[in-house]
Amino acid sequence: MPQPEQPMTRRDARRDPATRDTTHAAGGRRRPPGGARWGILAVAALLVVGVTATVATALASGGQPDAVGDMSESAVSASADAVALPAGASAAAADSIPAPAQTSVARASCDAPAVVTALASGGDADVIAAFGGGEAFRAAVVSGAAPCVSLSDARHLWVVVDKKRPLDPVDFEPATVVAPADMQRTVDGRLVPDAANALTALVAAAAKEGAGAIGLNSAYRSFASQTRTYNGYVDSMGRDQADQQSARPGYSEHQTGLATDVAACDNGCGAIESFGGTAQGAWTAANAWRFGFIVRYEPGQTAITGYEAEAWHLRYIGPDLAKAYHDGGYHTLEEFFGLPAAPGY
Ligand SMILES: [Zn+2]
């Protein structure tokens, strides 16, 4: 999706020096400007061009999944630049740079009738559809054009929970969690209804497509249960080691009801830790997105997610966002939504 503010910024930035040049050139025929004056104008024009290029570059690189570290910064600076050009540029280009268009752009997305209606009375899929689908939704959020979408609200599919982003409130509880039907299980896991139904579909498809049986392990865990688990680790091995084994209470995706651990269950269910080496694990890594899940902690992403690879930990983000995630080649939710890396608390 084109970034709404990008052409605005480019056009305005280009127009202004041209306007100034024309004005001053016209006057110059009667009263030739001094060299210093032209020098100032040239510097101003160069700065405007430079700033425009910076903004355009930042916006263009904002969605590239392979430049993770840079990507977060680019996304942030893109928004910041669109709101207010750097102080140096503003001063040099003087008063000719128009008021930034960010506010009107943001309202254009969130005030669109379909978006307003979906936010008021629709489900998450309706909201995403109103933005134009998964990728358009993602792009709007990353560009800052969707302030009505909170990535901190755990009632929605798009919530991002990591070591820098605790649940809000920290003892959040999902409205409803249910046991997914028609699968083996080693723990009495429950998920929010859409995620539970999606997991049932995933398990059925894995069996039908020859990958074997997938079973449910731990799914929703309350703040209280996570507190007990985490404190147990702290008591036995200390805080540093506990942080390697368990999310702190209030920082676990399991508390949203949108995350589940799965196991391969061919002849009884194996340990979740061995899931990645099974046919089920390979099938899930390739196909979970079709059912609205992502493998949240992939290999090689620890510096961003804060977790070692967990082939067994699936996070439900719904089919629309999961397709955008898959098609875009993303490997973390942080890069998908242009958020900072969260390697530690
Ligand atoms: Zn898990």
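Q: In this predicted model, at what angle do helix α6 and helix α7 pack, and how is their relative direction classed?
A: Helix α6 covers residues 113-121 and helix α7 covers residues 124-131. Their axes lie 8 Å apart and form an angle of about 170 degrees. Angles over 145 degrees count as roughly antiparallel. Therefore α6 is classed relative to α7 as roughly antiparallel.

Q: Which residues of α7 are met by residues of α6, and how many residues in the contact are charged?
A: From α6, the residues involved are Ala114, Val115, Ala118 and Leu119. In α7 they meet Asp126, Val127, Ala130 and Phe131. By class, the contact has seven nonpolar residues and no polar ones, and the number of charged residues is one.

Q: Is Val142 buried or exposed?
A: Val142 is part of helix α8, residues 134-143. A residue is buried if 20 or more other C-beta atoms lie within 10 Å of its own. Because Val142 has 24 C-beta neighbours inside 10 Å, Val142 counts as buried.

Q: How far apart in space are Val142 and Gly338?
A: In sequence, Val142 and Gly338 are separated by 196 residues. In space, their C-alpha to C-alpha distance is 5.6 Å.

Q: Which residue of β4 stands opposite Thr260?
A: Thr260 belongs to strand β2, where Thr260, Val262 and Ala264 point one way and Ala259, Asp261 and Ala263 the other. Strand β2 is joined by three bridges to strand β4 (residues 310-316), and the two run antiparallel. In this pairing, the residue opposite Thr260 is Leu314.

Q: How many of the residues of strand β2 are buried?
A: Strand β2 spans residues 259-264 and is mostly covered. The residues pointing either way from β2 are all buried. The count of buried residues is six of six.

Notes: Residues numbered from 1 in each chain as written. Predicted model: local features only at pLDDT ≥ 70, side-chain atom pairs only at ≥ 80, totals over all residues. Buried ≥ 20, exposed ≤ 12 C-beta atoms within 10 Å, placed from the backbone. Helix = DSSP H or I, 4+ residues; strand = E, 2+ residues; numbered from the N terminus. Pairing = 2+ DSSP bridges. Axes fitted to C-alpha atoms, helices over the stretch in contact; angles between N-to-C directions. Parallel < 35°, antiparallel > 145°, perpendicular 65-115°, else oblique. Contact = placed C-beta atoms within 7 Å. Nonpolar A, V, L, I, M, F, W, Y, C, P; charged D, E, K, R; others polar.
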